[in-house]
Amino acid sequence: MKISVIGTGYLGATHAAGMAELGFDVVGVDVDPTKIERLSRGELPFHEPGLPEIIRKHVDSGRLRFTTDYAEVGAWADVHFVGVGTPQMPGQHAADMKYVDAAVLSLAEHITRDALVVGKSTVPVGTARRLQGLLREKARDGVDISLAWNPEFLREGFAVKDTLEPDRLVFGVNSPDAEPTLRAVYAKILATGTPLIVTDFETAELVKVAANAFLATKISFINAFSEVTEAVGGDIRTLADAIGHDTRIGRRFLNAGIGFGGGCLPKDIRALQARVSELGLDRSMRFLSEVDEINLRRRERAVYLASSMLGGEVADLRICVLGVAFKPESDDVRDSPALDVAARLYEMGAAVNVYDPEANANAARRFPRLNYVGSLTEAAADADLVLLLTEWDEFKALTPEDLAPLVAHRRLIDARNVVDGDRFRDAGWDFAALGQRYP
Ligand SMILES: NC(=O)C1=CN([C@@H]2O[C@H](COP(=O)(O)OP(=O)(O)OC[C@H]3O[C@@H](n4cnc5c(N)ncnc54)[C@H](O)[C@@H]3O)[C@@H](O)[C@H]2O)C=CC1
Ligand SMILES: O=C(O)[C@H]1O[C@H](OP(=O)(O)OP(=O)(O)OC[C@H]2O[C@@H](n3ccc(=O)[nH]c3=O)[C@H](O)[C@@H]2O)[C@H](O)[C@@H](O)[C@@H]1O
């Protein structure tokens with residue numbers, strides 16, 4: 001079976017490599033020629049542990065190719081996965097569907113043999129049914145194009161593992177040939193006992209956004225309790241551990257801090273609210289606006305703590321920011337809480353030194369005015385305050401002894417609850433963490 005993957009970003013590049021790893025001949029397609037050139041040389045244009053090795057291996061073996069040419073794959077592939085972006089529309093909550101629509105229209109125009117198009121992008125419910133109509137209308141005469149929806153649940157930083165060993169597979173189908181074709185594509189993964197849910201289009205689309213909405217809610221749930229422990233005292237980490245022991249609740253995704261960001265959770269909960277609103281069901285997802293607000297208040301709290309620690313005025317003071325990626329093991333700064341906090345402190349007049357092991361370049365493109373440096377040592381030099389914003393291992397391991405010789409003043413805010421605060425306090429540091437009372 002020959003497979004194309006349309007869109008070679010975080011999702012598409014990983015999926016294309018994963019399909020090659022499963023033994024298929026794969027072509028990745030993108031409208032961005034620079035990305036395609038780099039991928040064709042076996043280079044990955046973003047940071048994802050383990051992925052460069054697989055891409056290089058399969059580019060070298062010839063099993064994985066990349067192109068900007070839809071005509072080439074339209075005449076060649078049996079299955080076309082669509083993994084282009086669905087970002088938030090500027091100034092609105094709704095998802096921008098123009099990339100998905102353009103990709104599907106290009107496929108309709110260029111597919112010259114019977115094929116299955118499989119949507120993987122995260123989309124508003126109702127999209128698959130709409131696209132199926134579009135494909136039927138626009139397909140070339142005599143060419144049969146079916147559609148299926150197969151949402152993706154991979155996490156950045158674990159993308160390879162999540163692709164090859166997913167927790168579950170979901171197939172949204174409404175034509176007889178789609179399920180057997182998808183079963184053949186995923187045969188090796190299904191053979192390991194991976195749960196498979198075969199369902200209709202709408203359920204498949206909703207499973208994806210429901211999963212992300214649940215994860216976002218779980219994070220905002222613990223962060224709402226952070227607001228309480230910050231006021232009355234108590235330890236948010238112990239609280240999370242204690243409720244997490246209840247297997248009905250579970251400890252994962254209860255890490256309190258500056259909240260969730262990235263290219264998915266924030267825009268997905270907003271797009272879901274926009275979609276149910278369109279359907280006249282505003283009330284059913286109204287709680288997600290509270291989830292969003294709790295999340296955004298965490299950033300304000302981090303800025304407030306920084307300002308309080310510096311005596312109410314940050315102007316001209318030197319702040320060391322450790323981490324700007326939206327989470328560790330990623331160079332992604334889309335809707336990054338860390339970059340947002342760093343940028344706000346800059347806007348308030350602080351001199352902000354930033355060090356992230358992988359995300360400096362992406363952050364500099366989005367917010368060029370911060371002072372990006374290549375090491376923790378440079379970032380912390382003469383700092384009046386250190387802010388730990390993304391929990392890279394390098395930062396989690398920090399001790400007062402590491403930092404004290406570098407900084408001008410011993411002040412640390414742990415916005416991810418990852419260091420031992422008592423150790424810093426005992427060493428004479430002014431220390432604050434999100435979810436803990438300060439001072
Ligand atoms: N990043 C992630 O971890 C995950 C993302 N998703 C979903 O997957 C989708 C893609 O997300 P990312 O990969 O993060 O986005 P991305 O922005 O990294 O990649 C999208 C790619 O699509 C390309 N593209 C745009 N229009 C195109 C067209 N007409 N034809 C061919 N290529 C085109 C862009 O040039 C870009 O390379 C989104 O719907 C997202 O919600 C789902 C699960 C995980
Ligand atoms: O739809 C998507 O694109 C993906 O979105 C998330 O994956 P991802 O955005 O890569 O990252 P997560 O690990 O979910 O983290 C999201 C954000 O939540 C934050 N987070 C996570 C966990 C936690 O306990 N606390 C917390 O603040 C992280 O720092 C990060 O900013 C989901 O976990 C994936 O299943 C999904 O496929």
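What follows is a conversation about the chain, its core and its ligands.

Tutor: This is a predicted model, in which local features need pLDDT of at least 70 and side-chain atom pairs count only at pLDDT 80 or more, while totals for chains, interfaces and linings use all residues. Residues are numbered from 1 along each chain as its sequence is written, with chains lettered from A and ligands numbered from 1 in the order in which they are written.

Student: What makes the protein chain as compact as a globular protein of its length?

Tutor: The chain has 19 helices and 14 strands, where helices (H or I, at least four residues) and strands (E, at least two) are DSSP runs numbered from the N terminus. Its radius of gyration, taken over C-alpha atoms, is 23 Å, close to the 22 Å that the globule rule gives for 439 residues, so the chain is as compact as a globular protein of that length; the rule itself is 2.2 Å times the number of residues to the power 0.38.

Student: Why is a set of residues called a nonpolar core?

Tutor: The term means buried Ala, Val, Leu, Ile, Met, Phe, Trp, Tyr and Cys residues joined through C-beta atoms within 7 Å, and a residue is buried if 20 or more other C-beta atoms, placed from the backbone, lie within 10 Å of its own. The largest such core has 131 residues, of which Ala306, Ile319, Ala342 and Leu387 touch the most other members. Helix α13 (residues 287–309) gives the largest share of this core, eight residues.

Student: Which residues come nearest to ligand 1, and what is the make-up of its shell by class?

Tutor: Of the 27 residues around ligand 1, Gly7, Gly9, Tyr10, Leu11 and Ser121 come nearest. The shell has eleven nonpolar, eleven polar and five charged residues, where Ala, Val, Leu, Ile, Met, Phe, Trp, Tyr, Cys and Pro count as nonpolar, Asp, Glu, Lys and Arg as charged, and the others, Gly among them, as polar. Helix α5 contributes the largest share of this shell, four residues.

How values were computed
Near = placed C-beta within 6 Å. Buried ≥ 20, exposed ≤ 12 C-beta atoms within 10 Å, placed from the backbone.
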